[in-house]
Amino acid sequence: MALQLCTCLEFLESDPALKAPTDRATKLHYVKHGAIQPKPADCFKRSDDGRCFRSDWYLRFPWLEYSISKQAAFCFHCRLFALENGIPCSGGQVDTAFISSGFNNWKKALEKGRGLRKQADSQSHAFAEKAYRNFMQATPVDSQHRPVIYLKREIEKSVVGRNSSKSPDAAAHI
Ligand SMILES: [Zn+2]
Ligand SMILES: [Zn+2]
């Protein structure tokens, strides 16, 4: 979980309503940016019943994302990891509202067994979370480890080099 977050500007306009990537490198870039969570209150338009999304829901549901273009909520983990080649990893059903169509029934958002709480407790969401964790663990934190290994090899090489160049000298002194 030691992945460093990316702060490049490519994601300033990112939108969870857009199709999620399937290739590993782009997925990793998405993961490094984390869930798309716009916070200014004017992002959230009221629906006909006067309700709207609330940014404090991000605290309770860290996977929660919001699409300004669709005025709908999505799940970061399910969007990236619930499907493999279009097939649910869980083998069961996925809630496409949180993956592709967007959830916007704000009245039901926090109701028990509905909306966000249903999403949080669903089997496909649990599978997606697991796939997300596996993805993170399988990703080497190369920026932190590779230079150290590289340096160690360089030192070993120079030590070997010094020894081999020294031995004729050493022999000459005897
Ligand atoms: Zn980036
Ligand atoms: Zn989910």
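Reader: Is Asn 85 buried or exposed?

Author: Asn 85 is exposed, with 6 other C-beta atoms within 10 Å; by the definition used, a residue is buried if 20 or more other C-beta atoms lie within 10 Å of its own, exposed if 12 or fewer, and partly exposed in between, with C-beta atoms placed from the backbone. This is a predicted model, in which local features need pLDDT of at least 70 and side-chain atom pairs count only at pLDDT 80 or more, while totals for chains, interfaces and linings use all residues. Residues are numbered from 1 along each chain as its sequence is written, and chains are lettered from A and ligands numbered from 1 in the order in which they are written.

Reader: Where does Asn 85 sit, and what is its phi?

Author: Asn 85 lies in the loop between strand E3 (83-84) and strand E4 (87-88), and its phi is positive, about 55°, although it is not a glycine. Helices (H or I, at least four residues) and strands (E, at least two) are DSSP runs, numbered from the N terminus.

Reader: And what about Gln 71, how exposed is that one?

Author: Gln 71 counts as partly exposed, because it has 18 C-beta neighbours inside 10 Å. Gln 71 belongs to the hairpin of E1 and E2, which has four residues between the strands, and takes a positive phi near 50° there. Most residues other than glycine have a negative phi.

Reader: How many bridges join E1 to E2?

Author: Four bridges join these two strands, E1 and E2, which run antiparallel; strands pair if DSSP finds at least two bridges between them. Tyr 66 has Ala 73 in E2 as its bridge partner.

Reader: Which way do the E1 residues point?

Author: Leu 64 and Tyr 66 point one way, Glu 65 and Ser 67 the other way, and all are buried.

Reader: Changing topic, how many residues has the largest nonpolar core?

Author: That core has 25 residues, and Leu 64, Ala 73 and Phe 98 are among those with the most contacts inside it; such a core is a set of buried Ala, Val, Leu, Ile, Met, Phe, Trp, Tyr and Cys residues joined through C-beta atoms within 7 Å. Two or more residues each come from strand E1 (64-67), strand E2 (72-75), helix H3 (76-81) and helix H5 (123-138).

Reader: What does Ile 99 touch?

Author: Leaving out residues up to four places away in sequence, Ile 99 touches Cys 75, Cys 78, Arg 79, Ala 82, Leu 83 and Val 94, where contact requires C-beta atoms, placed from the backbone, within 7 Å.

Technical notes. Contact = placed C-beta atoms within 7 Å.
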